[in-house]
Amino acid sequence: MNKPVVAIVGRPNVGKSTLFNRLIGSKKAIVDSTPGVTRDKNYAEASWQGIEFKLIDTGGIGYPIQGKLLTLIKNQVESAISEADLILFLCDGREGLTWQDTDVGLLLLKTQKNTLLVINKIDNVFKEEALADFYRLGLGDPIPISASHGKNIDTLLDKVITHILPYQVEEEQILPISVAIVGKPNVGKSSILNAILGQERVIVDEFPGTTRDAIDTLFKKGKSQFLFIDTAGIRKKSKVNKALEYYSVVQAIKSIKRAEVVLLIIDAIEGVSAQDKKIALHMEEAGSAGIIVVNKWDLVKDKNRTTLEEYKKYIQKKIPYKKYLPAIFTSAITKQGIGKLLRLIEQVHQEHKKWVSTSTLNNIINLAYSKRKPPTIKGKSLKIYYSTQVKTSPPSFLLFVNDTGLISTSYKKYLQNQIRKELNLKATPIQIKIKKR
């Protein structure tokens with residue numbers, strides 16, 4: 001699919017690169033108070049609410065950049081404007097409307113391009129009074145933001161999405177959900193896959209280690225598509241004594257990193273082994289969403305109403321760092337739980353790609369902070385100024401604080417749990433990064 005293109009334009013030193021970095025969630029563009037730092041077009045991928053687009057950062061047009069350099073920058077900006085489906089015309093709310101802003105505004109009016117007028121450096125209510133002058137540009141209602149503090153960025157992105165939706169290809173290609181099937185040897189990984197597919201796509205044998213390579217299988221059911229990656233059983237290092245076995249383990253670990261959702265298959269009779277715990281750690285390190293699939297449930301004898309819940313508690317006790325993962329009980333022989341497993345994969349995938357608005361996230365963090373304040377360290381108290389989501393898969397959040405040394409691992413875990421609870425995230429890891437403001 002050809003992604004819509006959004007270009008940020010404006011005069012020098014209004015914060016274009018800061019906004020660019022804010023929208024893509026990383027410091028790809030160099031930010032400096034010296035006008036003219038950005039001279040070439042800077043491209044990056046961005047997304048909001050599942051809608052992806054290309055973002056272009058451009059050099060500033062006008063004084064104090066002069067001569068040949070100004071001509072080159074202007075050519076690059078005009079090239080970006082012609083390429084873009086939507087223009088973000090950025091101005092500086094602190095300095096107010098300038099003649100340079102008016103010149104850029106006239107240039108944009110001539111192009112008749114879809115344009116959003118964005119006023120940066122509006123940090124408080126009093127500065128919003130400066131917006132009135134910008135109506136003279138004739139480019140619609142100005143959108144007040146603070147790119148450095150993240151204020152109103154979610155509102156801006158909501159408007160961006162509204163404007164670029166018509167530029168998306170109507171029949172968007174639906175990418176399949178990549179699902180890795182992992183576990184120690186002979187727990188029934190290939191049998192589970194064959195039960196899903198309804199055919200003997202993968203060789204199944206009682207002898208451990210039949211599957212040597214990671215095998216990709218595309219499966220469609222209704223409107224849903226899955227790319228299943230069947231992997232070799234991951235063995236203990238002491239038992240990996242052949243080059244081929246070593247290669248199989250490496251491929252399995254790579255498959256975990258490739259996949260959006262990982263199915264950790266556990267033998268219901270043998271229970272959770274030390275090797276299962278190590279595989280779960282690989283999943284945690286890769287940031288994968290996951291499901292614990294307890295296979296061969298038909299072989300468990302003397303089941304009663306409490307057996308299933310007791311087994312879930314047993315799994316959580318054995319793998320405490322993955323206690324948020326859902327567990328499903330299946331039988332590749334009787335097909336028990338197979339249909340439910342597919343539905344759960346889709347649910348888990350949606351969680352892994354969850355995006356939350358900045359205002360909602362800050363409400364969650366503020367409520368969590370008011371419920372339980374962290375202990376003071378050497379008389380200093382932690383202050384959380386602002387929080388924002390920086391990426392998905394897994395959902396990752398950045399918190400700006402007064403001192404990174406004042407937040408403990410346990411308090412960080414507490415905030416993760418509060419986010420998980422409020423957003424109903426049951427199956428995906430959550431990452432929190434702390435930064436000093």
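Modeller: Two strands pair if DSSP finds at least two bridges between them. Strands themselves are DSSP runs of E with at least two residues, helices are runs of H or I with at least four, and both are numbered from the N terminus. This is a predicted model, so local features need pLDDT of at least 70 and side-chain atom pairs count only at pLDDT 80 or more, while totals for chains, interfaces and linings use all residues. Residues are numbered from 1 along each chain as its sequence is written, and side-chain values use heavy atoms, with hydrogens and water left out.

The part I picked is strand β14, residues 396-401. Strand β13 (residues 384-391) pairs with β14 in the antiparallel sense, over 6 bridges. T388 has L398 of β14 as its bridge partner. L398 also has a bridge partner in β15, namely K433. There the sense is parallel: β14 and β15 (residues 431-436) pair over 6 bridges. In general, strands of a sheet pair through backbone hydrogen bonds, either parallel or antiparallel.

Next, burial. Buried means under 20% relative accessible area, exposed means over 50%, and partly exposed lies in between (1.4 Å probe, protein chains only). Of the 6 residues of β14, 6 are buried, so the strand is largely enclosed by the rest of the structure. S396, L398 and F400 point one way from β14. F397, L399 and V401 point the other way, and they are buried too.

The turn deserves a check. β13 and β14 form a hairpin with 4 residues between them. S393 in that turn has a positive phi of about 55°. The peptide bond from S393 to P394 is cis, with omega near 0°. P394 lies in the loop between β13 and β14. Most residues other than glycine have a negative phi, and most peptide bonds are trans.

Positive phi turns up elsewhere. Q112 has phi near 55° and is not glycine. Q112 sits in the loop between α3 (99-111) and β5 (115-120). With 72% relative accessibility, Q112 counts as exposed. D302, another residue other than glycine, also has phi near 55°. Its loop runs between β11 (289-295) and α8 (307-318). D302 is exposed, at a relative accessible area of 74%.

Now a helix pair. Axes are lines fitted to C-alpha atoms, for helices over the stretch in contact, and angles run from 0 to 180 degrees between N-to-C directions. Helix α10 (residues 358-371) and helix α11 (residues 409-423) have axes that come within 10 Å and cross at roughly 125°. The crossing of α10 and α11 is right-handed. A crossing is right-handed if the near helix is turned clockwise from the far one by less than a right angle, and left-handed if anticlockwise. Contact means heavy atoms within 4.5 Å. From α10, the contact residues include L361, I364 and I365. From α11, they include Y411, Y414 and L415. By class, this contact has 10 nonpolar, 1 polar and 2 charged residues. Ala, Val, Leu, Ile, Met, Phe, Trp, Tyr, Cys and Pro count as nonpolar, Asp, Glu, Lys and Arg as charged, and the others, Gly among them, as polar.

Another pair involves α1 (residues 16-24). Helix α1 is mostly covered, with 8 of its 9 residues buried. L19, F20 and L23 are among them. Just after α1, G25 takes a positive phi of about 80°. Helix α4 (residues 153-164) packs with α1 at an angle of about 80°, their axes 11 Å apart. The two helices are therefore roughly perpendicular to each other. L19, R22 and L23 in α1 meet I153, L156 and L157 in α4. That contact has 5 nonpolar, no polar and 1 charged residues.

Last, an open sheet. It has 6 strands in the order β2-β3-β1-β4-β5-β6, with mixed pairing. β2 (42-48) and β6 (143-144) are the edge strands, each pairing on one side only. β4 (residues 86-92) pairs with β5 in the parallel sense over 6 bridges. C91 has I119 of β5 as its bridge partner. Helix α3 packs on this sheet and touches β1 (5-9), β4 and β5. Its direction makes about 170° with that of β4.

Terms used:
Parallel < 35°, antiparallel > 145°, perpendicular 65-115°, else oblique.
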